[in-house]
Amino acid sequence: MQTELSDRKFLFLQGPHGPFFYRLSKHLQKSGCKTVRVGFNAGDSMFWPKRSNFIPFRASADQWPDLFRALLRDRGVTDLVLYGDARKIHAEAIEIATEKGVTLHVFEEGYLRPYWVSYERHGANGFSRLMNMDIAQMAMALQGQPTDLPDAPAHWGDIKHHVFYGALYHFFVFAGRGRYPKYKPHRGLTVVREFLLYLKRLTLFPYISLERTIATFRIRQSGYPYHLALLQLAHDASVLEHSGFDSNAQFIAEVMDGFATGAPAHHHLVFKAHPLEDDRVPLKRNLRKLAKTYGIEDRVHLVRGGKLAALLDTASSAVTINSTAAQQALWRGLPVKAFGRAVYSKPELVSEQPIEAFFANPQPPNMDAYRTFRSYLHETSQLRGGYYARGGRNYLARKIVDVMLDPLDRYDRLATNSSARKGTATPQQQLRLVHSAKD
């Protein structure tokens with residue numbers, strides 16, 4: 001085993017803001033593997049203090065595919081590790097790595113966030129293997145498997161850690177921009193603008209928290225029925241790649257139109273902003289203007305960030321593009337309408353009603369199906385832990401290396417274990433079945 005591990009070389013690309021990827025590389029090295037990191041800016045460099053296995057990329061973006069092919073060849077790369085699969089440099093790397101037979105390790109924010117992260121080998125969100133699976137297949141894979149759903153773990157951090165590392169990362173990117181003159185952020189804003197937005201968010205935390213508390217209290221005490229619209233970041237890859245909308249504004253307009261047409265006159269509509277919303281687009285002003293256009297300005301409200309539980313506990317339904325926050329609504333048995341591609345967009349779980357009919361009489365999910373779905377997530381793509389707070393990183397570190405070194409990914413491992421429990425095939429036959437299914 002030691003010889004096999006010594007032959008494995010993990011190439012890291014961009015990761016979550018903060019020290020998680022560097023700590024992960026150290027754990028992999030202790031197992032006997034080799035690691036190397038490509039950095040695209042000074043932020044990547046600052047969170048990877050070991051210079052001997054850090055490769056700065058300072059060329060133009062159009063040179064990246066050729067350089068990446070050379071890295072795979074010259075460095076003997078067997079595994080590619082990255083956070084998110086939609087940004088251009090990652091999408092290009094994944095395509096090339098797949099052609100070369102390199103094993104992928106794709107990290108993302110958890111489908112069951114904030115206490116779980118996503119880890120998959122074929123892609124995340126709209127590129128996940130979950131997209132091509134139905135509830136019946138999941139139930140079959142879980143046969144004989146305990147399906148008790150784990151509780152959320154003890155509190156180990158909050159959104160402040162995420163914002164703090166985001167601000168610090170973009171400060172380093174800005175301060176070291178002279179060393180990476182050709183770097184362009186994948187979100188389209190300048191580095192200075194990104195840093196200032198993170199800094200503004202940190203500075204305004206107390207005010208936003210107070211405003212949110214007051215708004216939530218008023219909504220909960222009002223006594224009117226309300227529907228939650230779960231907003232996402234305008235630059236979120238799930239919105240840009242898997243939504244069918246060109247912008248959040250289009251989604252908001254469609255929701256308001258459907259609400260004005262279909263919802264009973266005494267119902268209200270609450271827009272819940274993403275916890276990391278930084279007002280790069282004037283959300284509050286735009287909502288007020290659009291609500292006035294549809295004649296529902298006295299029935300539309302905005303809550304800026306924060307946790308969902310207090311609002312979901314008394315909501316009538318939830319509507320979203322494809323936010324993972326919809327999982328919290330499904331867990332409570334609330335009707336959910338999702339417009340975009342999402343791993344939970346199964347007919348048993350989300351409503352297929354037109355938006356007007358949904359607001360008039362929303363249909364709830366099949367809770368037996370949702371329990372099956374959630375159990376399957378825990379057995380495959382979801383790992384307990386987090387990227388930003390120390391407690392979450394430590395919890396994740398205890399399991400993630402063994403998962404990454406397993407010759408089968410967690411989907412195939414579950415399928416193999418399921419076959420073994422049923423006694424339907426020998427281990428060799430099970431492996432052949434798994435690989436033929438993947439092909």
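Me: At what angle do helix 6 and helix 16 pack, and how far apart are their axes?

Reply: Helix 6 (residues 135-142) and helix 16 (residues 367-379) pack at an angle of about 60°, with axes 9 Å apart. This is a predicted model, in which local features need pLDDT of at least 70 and side-chain atom pairs count only at pLDDT 80 or more, while totals for chains, interfaces and linings use all residues. Residues are numbered from 1 along each chain, and side-chain values use heavy atoms, leaving out hydrogens and water. Axes are lines fitted to C-alpha atoms, for helices over the stretch in contact, and angles run from 0 to 180 degrees between N-to-C directions.

Me: Why are helix 6 and helix 16 called oblique?

Reply: Under 35 degrees counts as roughly parallel, over 145 as roughly antiparallel, 65 to 115 as roughly perpendicular and the rest as oblique. The angle is about 60°, so the two helices are oblique to each other.

Me: Which residues of helix 6 make the contact with helix 16?

Reply: Ile135, Met138, Ala139, Ala141 and Leu142 do, contact meaning heavy atoms within 4.5 Å. Their partners in helix 16 include Phe373 and Tyr376.

Me: What makes strand 9 and strand 11 edge strands?

Reply: The open sheet of five strands has the order 9-8-7-10-11, with parallel pairing. Two strands pair if DSSP finds at least two bridges between them. Strand 9 (300-303) and strand 11 (336-338) each pair on one side only.

Terms used
Helices (H or I, at least four residues) and strands (E, at least two) are DSSP runs, numbered from the N terminus.
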